[in-house]
Structure formats: C-alpha cells, structure tokens
Amino acid sequence: MDESPGWYLLVASAASIAVVGVLALATHQPFVFPSLGPTAYIVFATPLALAACPRSVLGGHLVGVLAGVVGLLAFGLWGVAPDLEDVTWARVGAVTVALALTLSVMTWLGVAHAPAGATTLIVALGLLDTVGDLVVMMAAVLVLVVVAAVINRVFGTATPWWGAPPGGVGKVS
C-alpha cells in the first residue's frame, strides 16, 4: 500500500464507487446505496481484517438483505412505501427483528461485516424492497468486492481471495 493511506483511500474508493456509479447511471438501477461507503472504507483501509474479506463482505450483506426481507414479511410491510417521518409500530418491529437477526446470524456464520447492518435497515425501512432491487444490491456488493480485489492487488496491498487470512489478521499465504 502507498505510504500515505489517505491518498490510497482517496484513489481506491473513488475508483470503486465510480464503477458502481456508472453501472447505476447506465442501468437506472440502485447500484449505489449508503452501506457501500463504509464497505469501501473497510476493504481499502483494513484489507486483512475479517470484516474486509470477500466472504464476510458478501455474506454479511446477503444476511442483511435476507434479514430485512424477513422483517418486512413478518410485519406485513413487503411492498409498503417507506415513511421515515411517520414510523409505525409495524416498521419498528420490522427493523428490530431485521437488525437483531442480521447481527446474530452474521456472528453465527462468521461473516461479521458492520456495514451490512445499514443494508438491513435500508431493506427493512422499505427504501429498497423489490426482488429486483435486492438482486441489484447484491450485484453492487459483488462488483465492489471484485473491483477492490483488483485495486488492492494492483497497488500491492495484501488481501485474501475469499476468507480470513490463514493464521489471522496480518498474514497472507
């Protein structure tokens, strides 16, 4: 990695978010959503951390999306338009169940990725709640993971291909 991590983060995050941004522009689909920002920070600032490995990033966001759907379905909110100013008891229940599921299931599966909690709330709040939106969200996460892997390797930054590095953080075989 560059001797100036701030410059590296500037270049790497700009390049990666530009790629998903261009996909959003070209397809008119929600390839850019708030939890991609903290995901980009983690994969570039701490590429050897468990939370930065592709398994955790993809697994965490998938858990978040699915838990958000469970929350919506459990409280009869699938397809109900979001309203962040007039929150109902059903919405409180949906976000509570969804976030609690996300955090616990990520832990149980060993795919802890904090930004996935934001993904969960995006879904459980109904901001992105069609099957198509959810597929696009996961596609965007996949694109970000692939672009990050390429950028990190081009710049000589050690990064695992899938799971946590053997022997723990800081070691790559």
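Mentor: We will start with the whole fold and then go through single residues.

Trainee: What kind of model is it, and how are residues numbered?
Mentor: This is a predicted model: local features need pLDDT of at least 70, side-chain atom pairs count only at pLDDT 80 or more, and totals for chains, interfaces and linings use all residues. Residues are numbered from 1 along each chain as its sequence is written, and side-chain values use heavy atoms, with hydrogens and water left out.

Trainee: How many helices and strands are there in the protein?
Mentor: There are 6 helices and 0 strands. Helices (H or I, at least four residues) and strands (E, at least two) are DSSP runs, numbered from the N terminus. From the N terminus on, the order is α-α-α-α-α-α.

Trainee: What is the radius of gyration of the protein?
Mentor: The protein has 17 Å. A compact globule with 173 residues would have a value near 16 Å, so the two agree. The radius is taken over C-alpha atoms, and the globule rule is 2.2 Å times the number of residues to the power 0.38.

Trainee: And what does the C-alpha trace span along its principal axes?
Mentor: About 50 × 35 × 25 Å.

Trainee: How much of the protein is buried?
Mentor: Buried residues make up 42% of the 173 residues. Buried means under 20% relative accessible area, exposed means over 50%, and partly exposed is in between (1.4 Å probe, protein chains only).

Trainee: What about contacts along the chain?
Mentor: Take contacts between residues at least 6 apart in sequence: 74% of them join residues at least 24 apart. Contact means heavy atoms within 4.5 Å.

Trainee: Give me a helix to look at. Which residues of α2 are buried?
Mentor: They are L36, T39, A40, I42, V43 and F44. These buried residues pack against α1, α3 (54-74), α5 (115-124) and α6 (131-154).

Trainee: Where is H28?
Mentor: H28 sits in the loop between α1 (5-27) and α2 (36-45). H28 is exposed, at 71% relative accessible area.

Trainee: What is its phi?
Mentor: H28 has a positive phi of about 60 degrees, although it is not a glycine. Most residues other than glycine have a negative phi.

Trainee: Next topic. Where is R91, and what is the nearest side chain of opposite charge?
Mentor: R91 is in helix α4 (residues 89-109). R91 is buried yet has no salt bridge, and the nearest side chain of opposite charge is D129, 6.2 Å away. A salt bridge is a side-chain nitrogen of Lys or Arg within 4 Å of a carboxyl oxygen of Asp or Glu. For charge, Lys and Arg count as positive and Asp and Glu as negative; His and the chain ends are not counted.

Trainee: So what does the side chain of R91 reach?
Mentor: The backbone oxygen of L125, at 3.3 Å. Not counting residues up to four places away in sequence, R91 touches residues including L72, V80, P82 and A124.

Trainee: Now T120. Buried or exposed?
Mentor: T120 is buried, with a relative accessible area of 0%. T120 lies in helix α5.

Trainee: Which side chain does the side chain of T120 make a polar contact with?
Mentor: That of T102, at 2.6 Å. A polar contact is a pair of N or O atoms within 3.5 Å; within protein, one must be able to donate a hydrogen and the other to accept it, and residues adjacent in sequence count only if both atoms are side-chain atoms. T120 also touches G64, G68, A98 and L99, among the residues beyond four places away in sequence.

Trainee: How far apart are A112 and S56?
Mentor: They are 56 residues apart in sequence and 5.8 Å apart in space, C-alpha to C-alpha. A112 is in the loop between α4 and α5, while S56 is in helix α3.

Trainee: How exposed is each?
Mentor: A112 is partly exposed, at 34% relative accessible area. S56 counts as buried, at 0% relative accessibility.

Trainee: Last one: where is E85?
Mentor: E85 lies in the loop between α3 and α4. E85 counts as exposed, at 81% relative accessibility.
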